[in-house]
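Welcome, and please open your viewer.

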Amino acid sequence: IHTRPRRQLLTVPEIGIRPGNEVWLMREGRLHVASVRIVRVSDAFAVIDGLSGSVRSGDRLITTPVPDAHEGLSIMETGTKSKSSNDEATAKGRSQ
């Protein structure tokens, strides 16, 4: 039986979920901390509720450690795992 989901769900690598059900996103060259609602965790991936508005189209999920991470930190992408539009960003802090 196929049905249409009642809400938008997003799948992200479980390693990208931070304590307190937060994710770090790269948005316009800056670190953005977003709260997410986790629906399910399975096979190293987390399914999050996409309707919370905290994750936007074009955001890049940061899965690596970022020293002194905080909202608005200037960051730059240093590598990706593949060329798809759903890549995880590997980011590091950048001094201003």
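**First stop: a charge and a ring**

Select arginine 18 and tryptophan 24: the charged end of arginine 18 sits over the tryptophan 24 ring, 3.7 Å from its centre. The rule here asks for NZ of Lys or CZ of Arg within 6 Å of the ring centre and within 35 degrees of the ring normal.

A word on what you are viewing: this is a predicted model, in which local features need pLDDT of at least 70 and side-chain atom pairs count only at pLDDT 80 or more, while totals for chains, interfaces and linings use all residues. Residues are numbered from 1 along each chain as its sequence is written, and side-chain values use heavy atoms, with hydrogens and water left out.

**The whole chain**

Now colour by secondary structure. The protein chain has zero helices and nine strands; these are DSSP runs numbered from the N terminus, with helices being H or I of at least four residues and strands E of at least two. Of its 96 residues, 34% count as buried, meaning under 20% relative accessible area with a 1.4 Å probe, protein chains only (over 50% is exposed, in between is partly exposed). Among contacts (heavy atoms within 4.5 Å) between residues at least 6 apart in sequence, 59% join residues at least 24 apart.

**The three-stranded sheet**

Next, select S1, S6 and S5. They form an open sheet in the order S1-S6-S5, with antiparallel pairing; two strands pair if DSSP finds at least two bridges between them. Strand S1 (9-13) and S5 are the edge strands, each pairing on one side only. From one strand to the next, the twist averages 20°, taken between axes that are lines fitted to C-alpha atoms, with angles running from 0 to 180 degrees between N-to-C directions.

Zoom in on S5 (residues 38-42) and S6 (residues 45-49), which are joined by four bridges. Arginine 40 has valine 47 as its bridge partner in S6, and valine 41 has alanine 46. The two strands form a hairpin with two residues between them, and aspartate 43 in the turn has a positive phi of about 50°. On the other pairing, five bridges join S1 to S6, where leucine 10 stands opposite isoleucine 48.

**Two nonpolar cores**

Show side chains for Val12, Ile17, Val23, Leu25, Ala34, Val36, Ala46, Ile48 and Leu61, the nine residues of the largest nonpolar core. Such a core is a set of buried Ala, Val, Leu, Ile, Met, Phe, Trp, Tyr and Cys residues joined through side-chain atoms within 4.5 Å. Strand S3 (22-27) and S6 each supply at least two of its residues. Centre on valine 12: leaving aside neighbours within four places in sequence, its contacts are Ile17, Ala44, Phe45, Ala46, Ile48 and Leu61.

A second, separate core has seven residues, including Leu31, Ile62, Val66 and Leu73.

**Last stop: leucine 73**

Is leucine 73 buried or exposed? Leucine 73 is buried, with a relative accessible area of 13%. Look for leucine 73 in the loop between strand S7 (60-61) and strand S8 (75-79).
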